[in-house]
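Trainee: Could you take me through one part of this model closely, beginning with a loop and moving on to a helix and what lies alongside?

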Amino acid sequence: MREVEDLEVTALNSQVEIELGGTSAFHDNHPEEPKKMKATISPFVLTFNNLTYSLNRRKDITLPSILGRKDSKLINTLSKKKVLLNDISGEAREGEILAILGPSGSGKSTLIDALANRISKESLEGSVTINGEALDSGVLKMISAYVMQDDLLFPMLTVEETLLFSAEFRLPRSLSKTKKMERVQAVIDELGLRNAAKTLIGDEGYRGISGGERRRVSIGVDIIHDPILLFLDEATSGLDSSCAFMVVKVLQRIAQTGRIVIMSVHQPSSRVVSLIDHLIFLSQGETVYYGSATNLSLYLSEFGHPVPENEDTIEFMLDLYRELEGIPDGTKNIVQFSKSWRKVYENRPFSSDYSKGLGLSLKEVIHASVARGKLIHGDVDNVTQTSATSKFANPFWVEIIVLVKRSLTNSKRMPKHLMLQVGSIVIVGSMLASVFWRLDKKAGGVEERIGFFVFIVTTIFFSSTDVLAVFLQDRYIFMRETAYNAYRRSSYVLYHSIIVIPTLFILSILLASLTFSSVGLDGGYSGFLFYFFAIFASFWAGNSLVSLVSGLVSQVMLGYIVIMPAIGIFLLFSGFFIHRDSLPSYWIWFHYISVLKYPYQVMLLNEFDKPDMCLVKGTAEPTMSCLMTGLDIVRKQDATDLSKWSCLWIALAMGVLYRILFYISLVFGSKNKRK
């Protein structure tokens, strides 16, 4: 017995030495040996026991009969639980692929989320451990990656650039640029993307890489830091059989280089199944099969439903699901049979030495990960304690620089959006200049100037909504990247604020130049400068308001439904349609939170708040008196509560406030966790 234990320890040490010495090289030289060794011993094992997750829902309400029938009763609304996962257990070992299969609604994505800690602990029952130790959320984010079903990538970056920017985020600043590029090139080769390395990602409007290559790039983005655990939701969704096989083949290579791969698959082909080590079939949140792919036919035969000759086993199993779901207790029978069959045929006990990692503690797992090049940075003790200093790979200012650089690289290859913005501002500015050409300073001209001020401010706010779709698409990428600590939310908000300032400056100077002299506004150079600041403050506040809405909603149409009425209400209370002193007392607060009030009032004060401005002169002799001064217009418009400088600073500050609220919305709205 002692000799057997010594042999196991020797094999374990050999395995760790192989991993520390560079798994990829070993795999290339001896493709069969790693697989054979991992079948004997496995240092990293993810074990999940009795996972149960349910949602509360309401029963339909039965109202008492309004016709007075004697048998009518009032039934209270009762809470009913919908079970999404019911007592799911299993394990996934290093070097293997564990696939979760089942029809739509069977609980595949829910189980992936449960294993990846994307369900709150209060709602999820059961345990998920690695080598027998519970995983803290912070540690799990460092040693794992989650590949979402949708490929959310910047279309105008090449494959190499996409992976390099991911490396900039996920790898520590202490690592040289050369080392990061070496890691990128290694991932490109690992994913089989060498021929597409210099090709743009592309989208619906730009031709780029294929769907299978895009999926592999999405995987590469999330494995650039060489995680121990890799979760994939619907890894082959939307791909043809050839591309799906290529993707899973890549995942097999990834697993064999020392990782645990867990993925959900909807309806894999027989070729894909041949690459998978173990399967979990789910039906209505329950396990109907857990074991190796090779034993599935035997399992079905033992259950009394042998697979017909020349028929695909997986398709037959899926068809059997649907048949059993239509039979009373049909799924219950196969669930019970699965439990008994597993004890007899599957030698994978969940409390065995495998689930305990053969003595390797969680700290030792992470230490081995660091030593063999996995890029968990910082001291291992701090990592296992989820120290805040080791939560992110880089300081926030590095994250901002990388975010700005990536955005500029993507934007410079698609200047159409900026050109359309510039073109629309030129058209709007020219139309305003022609309509309000050289307004006089008489009573009629004064009213037209005031109308021009409110119209240009409102136009600026409405024109800011055109970037809502861009913001929402960018936000989805943000949610994917921040889910596993690529960068801080605060860094994203600061970058988001910095990157728009040059564009807003260009649009503001164009609009101010086209309209100031053409309309005949007063004040000379200083008046033009302040007029420009008022337009810039309008663009800044409008852009910030759109950012806030993009953080609160998830769909473009819903965003427009929210922001359009909001701008209309702000305009109503701006002081143009109804003056401040005429508002009901219970609405006066809305006047002061109206973001349109302040840039409008800046323009108004910049034009008329001049003691020596005489707009209407009297006819009395010998000295003609001034019947209407600029100050009279200011008082008539109830714009005496604040100075123009105060209004300007408040407009800019409200833009900052919206950015802060945008950050808060991201903090609470992008946790990527189910309740």
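Mentor: N310 sits in the loop between α11 (296-303) and α12 (313-325), where helices (H or I, at least four residues) and strands (E, at least two) are DSSP runs numbered from the N terminus. The model is predicted, so local features need pLDDT of at least 70 and side-chain atom pairs 80 or more, while totals for chains, interfaces and linings use all residues. Residues are numbered from 1 along each chain as its sequence is written, and side-chain values use heavy atoms, leaving out hydrogens and water.

N310 is exposed, at 77% relative accessible area (buried is under 20%, exposed over 50%, partly exposed in between, with a 1.4 Å probe and protein chains only), and its phi is positive, near 65°. Most residues other than glycine have a negative phi. D87, in strand β2 (residues 79-93), likewise has a positive phi, near 60°, and is partly exposed at 32%.

Turning to helix α26 (residues 644-669), L657 is found there and is partly exposed at 42%; L657 also belongs to a nonpolar surface patch of about 620 Å², whose members include V656, I660 and F668.

Terms used:
Patches are made of residues with over 30% relative accessible area and no salt bridge: like charges are joined within 9 Å, nonpolar side chains (Val, Leu, Ile, Met, Phe, Trp, Tyr) within 5 Å. Accessible areas come from the Shrake-Rupley method with a 1.4 Å probe; for residues, only the protein chains shown count as cover. A salt bridge is a side-chain nitrogen of Lys or Arg within 4 Å of a carboxyl oxygen of Asp or Glu.
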